[in-house]
Amino acid sequence: MVSTRAEIVTRRTYSRPKDTQGTKFETWKETIDRVISHQRWLWERAKAKPWEEPKSLTAKEEEELEKLRVLFESRKALPSGRTLWLGGTEVAKKREASQFNCSFLRVETVYDIVDSYWLLLQGCGVGFEPVVGTLNGFSRPVELEVIRSTKTDFSDKGNPHNVEWFREGAPVGRPDAHIKGAQWHIRVGDSAEAWAKLPGKLLANKIPCEKLTLDFSEIRPAGTRLSSYGWISSGDELIANAMTQIVRILNLKNNRLLSRIDILDIMNLLGSTLSSRRSAEICLVPFGDPETYDFINAKADLAATPWRTQSNNTLLFYHKPSHGELTKLFETMVANGGSEPGFYNAQSALKRAPWFKGTNPCGEILLANHSFCNLMEINLSAFNGAKEELYEAAKLVGRANYRQTCVNLEDGVLQRVWHENNEFLHLCGVGITGIVGWESLMEPRELKEVMKSAGRGAVGMATELRLPLPKAVTTVKPSGTLSKIMDTTEGVHKPLGRYIFNNIKFSIHDPIVDKAKAAGYRVFDDPYNKDAVLVTFPVEYSEVEFTEIDGKSVNTESAIDQLERYRWTMDNYVEHNCSITVSYDPSEVQGIVSWLLDNWDTYVGVSFILRNDPTKTAEDLGYAYLPQEVVTKESYDSYAKSLKKLKLVDSLEELKDEGCSTGACPIR
């Protein structure tokens with residue numbers, strides 16, 4: 001039983017186009033076929049020695065892939081969204097870092113800047129710690145000229161390589177003085193490699209000049225579908241704006257080291273050149289650092305520095321904080337809107353993972369400097385009444401997840417240390433979702449058995465391949481989109497209420513929008529994006545307990561209740577970290593601080609957000625709309641009954657269950 005919402009979100013997010021116009025898309029079966037073909041390619045290669053040709057799978061191994069296919073097609077388990085989108089494609093085999101969700105590095109050198117941007121361009125989320133001591137500004141301030149692209153033909157691909165030249169001027173004054181008339185010209189190539197190397201060129205050059213020209217005339221226009229990745233090009237506007245700001249920073253810091261905040265700005269600006277969550281970032285700075293105060297207040301003036309929204313800014317604690325330190329931190333968080341700066345327990349992380357240096361944007365993976373993790377996920381609630389089947393699924397997913405780590409990361413751009421660390425760590429990320437709808441919720445023995453099954457799978461695969469054992473296997477990620485397409489609750493979170501109107505964003509050019517309107521779905525303009533609309537889907541969480549308030553079934557969990565579920569999951573399943581966003585009221589802060597101090601050895605890191613009253617509407621709360629709005633049963637039933645069957649042709653499979661055709665399927 002798959003809801004219309006799940007089918008549509010699948011097509012919007014994971015089904016690759018089958019034509020250049022982007023009007024025909026893969027079916028779900030074709031998407032999974034592509035993913036399984038990637039698994040086969042990884043496995044055949046991993047079975048062989050580096051100097052040997054890939055070895056064909058045995059009948060037993062092919063049978064295992066078929067079982068995995070069934071799990072994926074039924075949506076009881078899934079690979080990462082990254083693999084759903086790119087798995088099996090040529091770009092995934094050529095640029096194997098594109099298959100990883102999570103990465104972390106200390107940004108200290110020019111090479112680290114290039115690596116970071118390269119990973120963002122691959123669609124990999126980047127966690128980073130800006131490190132002072134090597135990166136620096138221009139030797140002298142330069143005058144900047146920007147030449148924008150005038151291309152209008154989507155098929156007019158430019159030179160993929162950066163081309164640069166210098167024109168020397170006449171020396172004036174001392175030999176090391178400014179060079180009058182000297183010019184530096186960079187014509188930016190129309191490729192991911194060229195873009196990744198561009199900020200490296202800016203940061204590496206120390207030849208003084210009077211004028212710098214950044215020439216973007218080779219870049220294709222915005223709206224071009226990239227044939228390799230399948231993403232839509234953002235043209236040259238975003239990168240031109242970002243590089244202009246980066247040049248401004250390098251001018252201001254001429255002949256001086258860059259600060260942590262300077263490096264934060266450069267990283268955020270690089271992320272701003274992309275138009276989606278492909279540019280997800282988290283910035284980590286140790287608590288007590290000389291720039292701690294500046295970091296805490298980095299987002300105080302977003303009107304002047306809008307790019308700083310690109311990263312989740314998080315403090316690293318290498319000591320147990322005092323009651324006063326945590327209280328003051330929460331006071332700052334509340335004053336800043338409730339969420340930032342976040343804080344991560346590096347002490348606890350190091351006990352779990354001696355290699356730990358940082359984490360990924362959602363905080364669920366404990367990463368080394370220059371390391372990756374690839375994720376997979378199991379929907380626990382899909383296995384209610386089938387414990388043995390769940391354990392077998394966890395084992396299969398663990399084995400598949402380990403195969404995802406068997407990659408060659410020497411792609412001609414990344415520093416070799418990424419490959420070496422992956423060869424040692426082989427970090428897996430077998431996640432679970434649908435937790436609050438699982439029949440064995442709060443039964444530690446059952447959850448531990450799921451963890452052990454996933455571990456046995458990953459370790460068994462490593463042993464068969466005679467490769468290093470995975471250093472960590474299990475995690476819990478936020479699981480927003482994947483849980484939607486699995487028709488389940490999201491990660492470890494409890495939904496806002498039983499009856500939800502879920503407003504989901506679509507491009508105004510998506511053909512599904514007109515079909516949704518014809519079927520009676522509410523479609524309205526995105527108030528924050530002129531090129532997008534929102535479509536309202538009715539969703540019922542029928543197997544989760546809620547509290548009745550003012551005619552609505554709502555989630556009234558306290559912050560402590562949420563933290564206790566986090567602790568339970570950490571104690572009984574997670575080897576990395578459990579990603580959870582804990583909603584709280586300022587009146588709960590002292591209780592939260594006490595809980596954190598009492599559970600500091602378990603706590604690694606969670607996100608906090610100020611709690612909205614789930615009984616209130618968007619208008620009540622002063623918002624243009626809510627992504628998820630709790631409604632009464634009467635409103636839900638009225639809207640659901642008004643919807644016609646959404647006719648999805650060509651891009652989606654026919655719905656198998658007439659009861660789901662309106663999109664009003666209960667989440668089970």
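Colleague: Which residue of E8 stands opposite Val-163?
Modeller: Val-163 stands opposite Arg-187. Keep in mind that this is a predicted model.

Colleague: What makes E5 and E8 a pair of strands?
Modeller: Two strands pair if there are at least two bridges between them. Strand E5 (residues 163–167) and strand E8 (residues 183–187) are joined by five bridges, so they count as a pair. The two run antiparallel.

Colleague: Which strand runs parallel to E8?
Modeller: Strand E9 (residues 211–215) does, and five bridges join E8 to E9.

Colleague: Why is strand E15 described as largely enclosed?
Modeller: A residue is buried when its relative accessible area is under 20%. In E15 (residues 371–379), nine of the nine residues are buried, so the strand is largely enclosed by the rest of the structure. Both faces are covered. Ser-371, Cys-373, Leu-375, Glu-377 and Asn-379 are on one side, with Phe-372, Asn-374, Met-376 and Ile-378 on the other.

Colleague: What pairs with E15, and in which sense?
Modeller: Strand E1 (residues 77–79) pairs with E15 in the antiparallel sense over three bridges, and there Leu-78 has Glu-377 as its bridge partner. Strand E2 (residues 102–107) also runs antiparallel to E15, with three bridges; Ser-103 is the bridge partner of Phe-372. Strand E16 (residues 428–433) pairs with E15 in the parallel sense over six bridges, including the one between Asn-374 and Cys-428.

Colleague: On to the aromatic rings. How many aromatic pairs are there in the whole structure?
Modeller: The search finds 22 aromatic pairs.

Colleague: Why is the pair of Tyr-499 and Tyr-636 called tilted?
Modeller: The ring centres are 5.1 Å apart, within the 6.5 Å cut-off, so the two rings form a pair. Planes under 30 degrees apart count as stacked and those over 60 as edge-to-face. Here the planes are at 45 degrees, so the pair is tilted. Tyr-499 is in strand E17 (residues 499–507) and Tyr-636 is in helix H21 (residues 633–642), so the pair ties together parts that are 137 residues apart in sequence. Both Tyr-499 and Tyr-636 are buried.

Colleague: Why does the pair of Trp-600 and Tyr-603 count as stacked?
Modeller: The planes are 25 degrees apart, under the 30 degrees that sets the limit for stacking, so the pair is stacked. The distance from centre to centre is 5.7 Å.

Colleague: What makes Trp-600 buried?
Modeller: Trp-600 has 3% relative accessibility, which is under the 20% cut-off, so it counts as buried. Tyr-603, at 0%, counts as buried too. Trp-600 and Tyr-603 belong to one aromatic cluster, whose members also include Phe-287, Phe-317 and Phe-608.

Colleague: Where is Tyr-603?
Modeller: Tyr-603 is in the loop between helix H19 (589–598) and strand E23 (607–610). From Tyr-603 to Arg-567 there are 36 residues in sequence and 7.2 Å in space, C-alpha to C-alpha.

Colleague: What lies over the face of Trp-41?
Modeller: Arg-45 does, at 4.3 Å from the ring centre.

Colleague: What is the volume of the second largest pocket?
Modeller: The volume is about 640 Å³. The pocket is lined by 23 residues, and the closest to its centre are Arg-45, Ala-46, Lys-47, Ala-48 and Leu-467. Helix H2 (28–47), helix H14 (416–425) and helix H15 (444–465) each give two or more residues to the lining. H2 gives the most, with four residues. By class, the lining has 11 nonpolar, three polar and nine charged residues.

Colleague: Why is Arg-466 called exposed?
Modeller: Its relative accessible area is 74%, over the 50% cut-off, so Arg-466 is exposed. Arg-466 lies in the loop between H15 and helix H16 (481–485). Its phi is near 55 degrees, a positive value in a residue other than glycine.

Colleague: What is the phi of Asn-255?
Modeller: Asn-255 has a positive phi of about 65 degrees, although it is not a glycine. With a relative accessible area of 61%, Asn-255 is exposed.

Terms used. Residues are numbered from 1 along each chain as its sequence is written. This is a predicted model: local features need pLDDT of at least 70, side-chain atom pairs count only at pLDDT 80 or more; totals for chains, interfaces and linings use all residues. Side-chain values use heavy atoms; hydrogens and water are left out. Rings of Phe, Tyr and Trp (its six-membered ring) pair if their centres lie within 6.5 Å; planes under 30 degrees apart count as stacked, over 60 as edge-to-face and the rest as tilted. Buried means under 20% relative accessible area, exposed over 50%, partly exposed in between (1.4 Å probe, protein chains only). A charge sits over a ring if NZ of Lys or CZ of Arg is within 6 Å of the ring centre and within 35 degrees of the ring normal. On a 1 Å grid over the protein atoms alone, a cavity is a set of points where a 1.4 Å probe fits but cannot get out, and a pocket is an open set with protein on both sides within 12 Å along at least five of seven lines; lining residues have an atom within 4 Å of a point. Grid points are joined across faces, edges and corners, and a volume is the space filled by probe spheres set on the points. Ala, Val, Leu, Ile, Met, Phe, Trp, Tyr, Cys and Pro count as nonpolar, Asp, Glu, Lys and Arg as charged, and the others, Gly among them, as polar.
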